[in-house]
Amino acid sequence: MERKFYCSFFIVLCLITCLTSAACTIFMVNDGRHIWVGNNEDESPDLKYRLWFYPQQRETYGYMIWTELSDEEKLNKIMYKNPQGGMNEHGLFMDYTAIDEIAAIRNPNKQDRSEEVVTDVLKTCKTVQEAVSYIGAFNLVRLTGAQLFIADAGGDYAIVHANYCIRKTSRNFALTNYTVNNNHYEPCWRRDTAMKYLAQDWVYHLNDMAFLLEKTIQKKPSDIISNYSMATDLHAKQIHLYYKGDFSRAVTISLKKELNAGIHQRDMASYFP
């Protein structure tokens, strides 16, 4: 009976998560000296989050992921199976943006996969090309209402949906909440702001990333706000974390340092007492 309740509650939680993950902004910068990824996680303001760290093992790379956090600790023990994003020791970075649902078209020659791919990709891939090759073996039957953004420390990137994979077309790029397949465009003040800013031919520093993240956040009175923002240096494998739209202070998370501390988790709010 307990197991049935546990599984049912988890399914409900996953459905709620899909519904509340309403918006995000992701952008990538490659100025020849730095590879930056910026992302705003835009959801209901009452949601909470956790960071998970897993060091290298014999056959897997070290990596970190971030997930939503439940008040039910039993659920948190398996939340790592449903990450919002992550990065590994080679600077491979992954994150999602929600889009309108597009039904998956199955390829009968591929294996159906309903489980998340993020954790497995971070464990086994160094580059975008390796990640795309890994993912390409599956029908991603669950990835119908979101696009998966993948970037690496070499400046490559890809956008993956159940029905398409878009490869790098420009040095700098931004993604929000509509499909970009076949160069599709829709007016979106967040993506338009990012693309205009990223058209500048200069060297981008952390203050530039924070500036653009702040320019593209969502905030009250909207019922969707930017709960956290990340400016990630893929060369250094460092995340500069901002919380609840406050860009007056940042917490710098070194993936190397965290992995040296062994397997552990930390609630995001605890970084900002």
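My entries follow, one topic at a time.

**Ground rules.** I am working on a predicted model, where local features need pLDDT of at least 70, side-chain atom pairs count only at pLDDT 80 or more, and totals for chains, interfaces and linings use all residues. Residues are numbered from 1 along each chain as its sequence is written, and side-chain values use heavy atoms, with hydrogens and water left out.

**Confidence.** I checked pLDDT, the predictor's confidence in each residue from 0 to 100. The protein averages 92, and 92% of the residues score at least 70. Residues 1–21 have a pLDDT below 50, and beyond near neighbours in sequence I find 24 contacts for this stretch in the model; a contact means heavy atoms within 4.5 Å. Where pLDDT is low, the predicted coordinates should not be read in detail.

I take helices (H or I, at least four residues) and strands (E, at least two) as DSSP runs, numbered from the N terminus. Two strands pair if DSSP finds at least two bridges between them. I zoomed in on β3 (residues 48–54) and β4 (residues 63–69), which pair in the antiparallel sense over seven bridges. Lys 48 sits opposite Leu 69 in β4.

**Six-stranded sheet.** Another open sheet, also antiparallel in its pairing, runs β12-β1-β2-β13-β14-β15. Its edge strands β12 (173–175) and β15 (246–254) have a single partner strand each, so one side of each lacks a neighbour in the sheet. Strands β13 (residues 225–233) and β14 (residues 238–243) pair in the antiparallel sense over six bridges, and Thr 232 has Ile 239 of β14 as its bridge partner. Helix α5 lies across β1 (23–30), β2 (35–43) and β12, running at about 175° to β12.

**Helix pair.** How do α5 and α6 pack, and at what angle? I get about 155° between α5 (residues 189–198) and α6 (residues 206–215), with their axes 9 Å apart. They are therefore roughly antiparallel to each other, a label for angles over 145 degrees. From α5, the contact uses Trp 189, Thr 193, Ala 194, Tyr 197 and Leu 198; from α6, Asp 208, Phe 211, Leu 212 and Lys 215.

I found a cis peptide bond joining Lys 220 and Pro 221, with omega about 15°. Pro 221 is in the loop between α6 and β13. Asn 183 has a positive phi of about 60° although it is not a glycine; I place Asn 183 in the loop between β12 and α5.

Note on methods: Axes are lines fitted to C-alpha atoms, for helices over the stretch in contact, and angles run from 0 to 180 degrees between N-to-C directions. Angles under 35 degrees count as roughly parallel, over 145 as roughly antiparallel, 65 to 115 as roughly perpendicular and the rest as oblique.
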